[in-house]
Amino acid sequence: MEIQLWRELLDPYQLAVDELLVKFNHIITEHRNRGLYSPIEFVDGRVKSIESILEKMCRKDVSMNDIEEKIEDIAGIRITCQFVEDIDRVVNIIKQRTDMKVKQEKDYINHMKASGYRSYHMIIVYPVNTIEGCREINAEIQIRTMAMNFWATIEHSLQYKYKENIPDYIQQKLMHASEAIIEIDKAMSDVRDEIMDAQNSHRKKENLVKDILNNIQNLYKVASKREVTRIQDEFYKVYQMDDMMQLQHFSKQLDIISEGYRAQSLQ
């Protein structure tokens with residue numbers, strides 16, 4: 001296959017990855033903007049390299065004509081969660097979406113691979129609009145915790161180095177590490193509520209400070225410099241108290257001041 005034809009083949013898959021990244025990142029943003037905990041911590045994606053595709057074709061005896069049908073992970077999305085419990089939530093979110101259809105699922109979390117690999121895999125059918133019209137293509141979504149992702153990244157590097165023939169002594173160490181990852185995920189789940197409370201408190205404070213600073217910035221357009229400087233100095237004093245209730249009170253008072261200036265501008 002010529003280079004140009006490879007590009008034509010892979011372009012729709014790059015489009016799918018780009019669109020899916022936007023959509024899954026928006027899920028994170030939407031949760032956090034509403035003050036909710038996001039089951040997705042972060043997401044990344046890639047289109048399989050030509051070399052990786054060729055390698056898989058040889059390994060699975062796939063012909064050029066069957067590439068798109070039999071290699072279902074040309075487009076790949078990896079969703080990383082903080083806790084094991086989040087994985088089921090993400091799976092349900094994907095199943096409920098109308099812009100993608102689940103074709104296949106593989107649960108390597110409850111049914112761990114012999115190597116110690118743990119992750120939840122979904123093959124979806126995703127429509128993309130190209131210059132030749134709408135096409136439905138396959139994409140793989142891998143969902144795992146941060147701890148699982150760390151193990152999988154290391155194991156993938158070793159598979160690449162040893163061409164999938166990792167020496168037994170290294171494989172044993174990987175299995176021990178996988179068992180340790182299971183214990184880490186369990187330990188994190190045990191303190192999940194406390195971690196979530198701490199993160200949500202930090203996020204609420206972060207959003208409140210952002211709103212206050214935007215409000216002060218807007219006051220520069222309508223209030224005197226002296227007045228704005230006074231408000232800004234007062235904000236710094238309140239912020240240093242590290243008291244959420246005081247910060248919320250200051251924000252409400254600032255809203256009243258801003259509303260007063262807005263009312264004056266309408267007269």
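This is a predicted model: local features need pLDDT of at least 70, side-chain atom pairs count only at pLDDT 80 or more; totals for chains, interfaces and linings use all residues.
User: Is S38 buried or exposed?
Analyst: The relative accessible area of S38 is 3%. A residue counts as buried under 20%. S38 is therefore buried.

User: Which residues does S38 contact, leaving aside its neighbours within four places in sequence?
Analyst: Contact here requires heavy atoms within 4.5 Å. With neighbours within four places in sequence left aside, the residues in contact with S38 are I28, H31 and R32.

User: How far is the backbone oxygen of I40 from a polar atom of the side chain of S38?
Analyst: A polar contact is a pair of N or O atoms within 3.5 Å. The side chain of S38 supplies a polar atom, and I40 supplies its backbone oxygen; the separation is 2.7 Å.

User: Is D86 buried or exposed?
Analyst: D86 is found in helix α4, which covers residues 84–96. Its relative accessibility is 0%, and the limit for a buried residue is under 20%. D86 therefore counts as buried.

User: Which residues does D86 touch, not counting residues up to four places away in sequence?
Analyst: Residues up to four places away in sequence are not counted. The residues that D86 then touches are Y37, P39, C81 and R192.

User: How are α5 and α6 oriented relative to each other?
Analyst: Two packed helices are described by the angle between their axes and the distance between the axes. Here the axes of α5 (residues 146–162) and α6 (residues 168–190) come within 9 Å and cross at roughly 165°. Because angles over 145 degrees count as roughly antiparallel, α5 is roughly antiparallel to α6.

User: How do the residues of the contact of α5 with α6 divide into nonpolar, polar and charged?
Analyst: From α5 the contact takes A147, M148, W151, E155, L158 and Y162, which meet I170, L174, A177, S178, I181, I184 and D185 in α6. By class, the residues of this contact are 10 nonpolar, one polar and two charged.

User: At what angle do α6 and α7 pack?
Analyst: The axes of α6 and α7 are 4 Å apart. The contact is made by M188, S189 and D190 of α6 together with R192, E194 and I195 of α7. By class, these residues are two nonpolar, one polar and three charged. The packing angle is about 65°.

User: How are α7 and α8 oriented to each other?
Analyst: The axes of α7 and α8 lie 10 Å apart, and the helices pack at an angle of about 165°. Angles over 145 degrees count as roughly antiparallel. The two helices are therefore roughly antiparallel.

User: Which residues make the contact of α7 with α8?
Analyst: α7 passes α8 in a left-handed crossing. The residues of this contact divide into nine nonpolar, one polar and one charged. They are K205, V209, I212, L213, I216 and L219 of α7 and V228, I231, Q232, F235 and Y239 of α8.

User: How far apart in space are D197 and I93?
Analyst: D197 is found in helix α7 (residues 192–219) and is exposed, with a relative accessible area of 51%. D197 and I93 are 104 residues apart in sequence. From C-alpha to C-alpha, the two are separated in space by 23 Å.

User: What separates the C-alpha atoms of K252 and I212?
Analyst: K252 lies in helix α9 and is exposed, with a relative accessible area of 59%. K252 and I212 are 40 residues apart along the chain. Their C-alpha atoms are separated by 9.4 Å.

User: What is the phi of D61?
Analyst: D61 lies in the loop between α2 (50–60) and α3 (67–70). At 68% relative accessibility, D61 counts as exposed. Its phi is positive in a residue other than glycine, at a value near 55°.

User: In which loop does D242, with phi near 55°, lie?
Analyst: The phi of D242 is a positive value in a residue other than glycine. D242 counts as exposed at 56% relative accessibility. The residue lies in the loop between α8 (225–241) and α9 (244–266).

Conventions: Residues are numbered from 1 along each chain as its sequence is written. Side-chain values use heavy atoms; hydrogens and water are left out. Buried means under 20% relative accessible area, exposed over 50%, partly exposed in between (1.4 Å probe, protein chains only). Axes are lines fitted to C-alpha atoms, for helices over the stretch in contact, and angles run from 0 to 180 degrees between N-to-C directions. Angles under 35 degrees count as roughly parallel, over 145 as roughly antiparallel, 65 to 115 as roughly perpendicular and the rest as oblique. Ala, Val, Leu, Ile, Met, Phe, Trp, Tyr, Cys and Pro count as nonpolar, Asp, Glu, Lys and Arg as charged, and the others, Gly among them, as polar. A polar contact is a pair of N or O atoms within 3.5 Å; within protein, one must be able to donate a hydrogen and the other to accept it, and residues adjacent in sequence count only if both atoms are side-chain atoms. A crossing is left-handed if the near helix is turned anticlockwise from the far one by less than a right angle, and right-handed if clockwise.
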